[in-house]
Amino acid sequence: IPEKITNICCIGAGYVGGPTMSVIAQKCLGVKVTVVDLNQGRIDAWNNEDLDKLPIFEPGLKEVVEVARGRNLFFTTDVDKAIDEAEMIFISVNTPTKTYGVGKGMAADLKYVELCARQIAKVSTSDKIVVEKSTLPVRTAEAIKTILKAEGNKVKFQILSNPEFLAEGTAITDLHYADRVLIGGDQDEEGQKAIQRLVDVYSHWVPKEKILTTNVWSSELSKLTANAFLAQRVSSINAISALCEETEADVDEIAKAIGADSRIGSKFLKSSVGFGGSCFQKDILNLVYIARSYGLDEVAEYWEQVIMLNDYQKRRFAEKIVKTLFNTVSGKKIAILGWAFKKDTNDTRESASIYVADYLLNEQAELYIYDPKVKEEQIYADLDCLNTRSEEENRELVHVIKDPYQAMDDSHAVAILTEWDEFKRYDWDKVYKSMKKPAFLFDGRNIIESNALVSIGFSTYNLGKAK
Ligand code: NAD
Ligand code: UGA
């Protein structure tokens, strides 16, 4: 085990690898951090002189990159060199849901992680600490260890699990002020030394009491568990939103009332059109798959309900639109505000908007979509990916509009699907005047004061509020 870490390599320059390594480089002046990726376009974007063209949008990210890039932070496609030079290697590649073979649609696809392990084994000429940063099924470290050993060279490897808990849109704040950092490693002397090296890296800015160390398996399973608990809270409040609509209870009042109980806590109780993002669904499906593979069917079914409720919520919202518009949206112009899966990110993976849009398109609606950060080609790619209809049909029925007022002009209905702050500041009086009457507004995030809209003349639908 190296006595001191002076050179770090991170494989995977994505939403996790990019921001995490930028912050490590920012905070650890004596450490050279090299982020590598096979995707040349992505690396070029990370190296772009114009900091507004970094491959991902995250508040505060460009300021961190500006300070560290070229100083002790580097982005390159020269994977082998960076691996061999480093004492510590983070694996931060994607671990999507499998789309083929055994475990299709449920298990995590570990092929990218395995390729990394093989690459590390092949090119390493000195001892390394390999850190699992990607979210992985419990016991993956065992497989990585076997692969690393199999190459049969003299190099020694220690495997650590160090899951990432940042959320998109707040990545930099989450990294700067982490609630905790979790590091899992072997319980023997060498394992403990490896853990200490990573603790030393984080100690540059994370208070000691916030750095938790565990065995590898607890660390791996904590990550899946954390995401499952978070997603469960959203599904729980969304389940209650449906009941509120039948009973004249108000879901926001309920969230406030239950959130005041310190045992429950007030965060993550915002009712929505459904959670999205690349991880909640993927990680719960993975948890369900793992539970089932150990014969724990009751456990699997318990967590599966979180996903089923989320699908129900997306469908329920889309059905509501059709039903309210007199049971037909065929040929009607509907404006969709927001395509990202949450505000302050350009990420659209698993966004509820995709599924609501698809439902409305099946009903032959004409969609006019506006999002402040998502590019037109991304919106079409997300719809094409579903294979529900041809690419030509998607382009015929879907219009991506750069000006929100133009998107809403002459529409039958507006649906708010992402909670972007700017939506609250629109001139809703002006929008109302430009729309067809009755002017319907479906607020899938409960971000606009409904009474104000009603007094303008809108017919509004709010999640979890009386009909
Ligand atoms: P991503 O798809 O944005 O980035 C992964 C990158 O890895 C891609 O750029 C890809 O080209 C690269 N890559 C894949 N195989 C490679 C290889 N063999 N060599 C070099 N590069 C390779 O993914 P992400 O969102 O950063 O997620 C990465 C992991 O972190 C996942 O396991 C995810 O579950 C987890 N995670 C994500 C978030 C999040 O907010 N997105 C938060 C916490 C944890
Ligand atoms: C989530 C977790 O919050 C992170 O801790 C974790 O690291 C990450 O997943 C991951 O493993 O990828 P993220 O998906 O980026 O982060 O964003 P969240 O803020 O958790 O939001 C997820 C979804 O839930 C969004 O669609 C959001 O709109 C929705 N949500 C969240 C609600 O509908 N209501 C809420 O109260 C909170």
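In this predicted model, the shell around ligand 1 holds 27 residues, of which Gly12, Gly14, Tyr15, Ser134 and Thr135 come nearest to the ligand. By class, the shell comprises 13 nonpolar, ten polar and four charged residues. Among the secondary-structure elements, helix 5, which covers residues 111-123, makes the greatest contribution to the shell of ligand 1, namely three residues.

Ligand 2 is surrounded by 20 residues, and the closest are Lys270, Ser272, Phe275, Gly277 and Cys279. The shell of ligand 2 divides into eleven nonpolar, five polar and four charged residues. Here helix 9, residues 216-247, gives the most, with three residues. Both domain 1 (7-206) and domain 2 (280-462) supply residues to the shell around ligand 2, so this ligand lies between the two domains.

**Domains and overall form**

The domain assignment of the chain places domain 1 at residues 7-206 and domain 2 at residues 280-462. The C-alpha centres of domain 1 and domain 2 are 33 Å apart. Their contact draws on 15 residues from domain 1 and 14 residues from domain 2. On the side of domain 1 that touches domain 2, ten residues are nonpolar, four are polar and one is charged.

The chain contains 18 helices and 14 strands. Its radius of gyration is 24 Å, close to the 23 Å that the globule rule gives for 467 residues, so the chain is as compact as a globular protein of that length. The C-alpha trace spans about 75 × 50 × 45 Å along its principal axes. Of the 467 residues in the chain, 46% are buried. Among contacts in the chain with a separation of 6 or more, 76% are between residues 24 or more positions apart.

**Backbone features in loops**

Lys437 lies in the loop between helix 17 (428-434) and strand 13 (440-443), and Pro438 is found in the loop between helix 17 and strand 13. Lys437 counts as exposed because it has 11 C-beta neighbours inside 10 Å. The C-alpha atom of Lys437 is separated by 9.1 Å from that of Ala413, a residue 24 positions away along the chain.

**Confidence of the prediction**

The average pLDDT of the chain is 96, and 100% of the residues score at least 70. For the complex, the predictor gives an ipTM of 0.98 and a pTM of 0.96. Where pLDDT is low, predicted coordinates should not be read in detail.

Definitions and conventions: Residues numbered from 1 in each chain as written. Chains lettered and ligands numbered in written order. Predicted model: local features only at pLDDT ≥ 70, side-chain atom pairs only at ≥ 80, totals over all residues. Near = placed C-beta within 6 Å. Helix = DSSP H or I, 4+ residues; strand = E, 2+ residues; numbered from the N terminus. Nonpolar A, V, L, I, M, F, W, Y, C, P; charged D, E, K, R; others polar. Domains from an automatic or database assignment. Contact = placed C-beta atoms within 7 Å. Rg over C-alpha atoms; globule rule 2.2 N^0.38 Å. Buried ≥ 20, exposed ≤ 12 C-beta atoms within 10 Å, placed from the backbone. pLDDT = per-residue confidence, 0-100.
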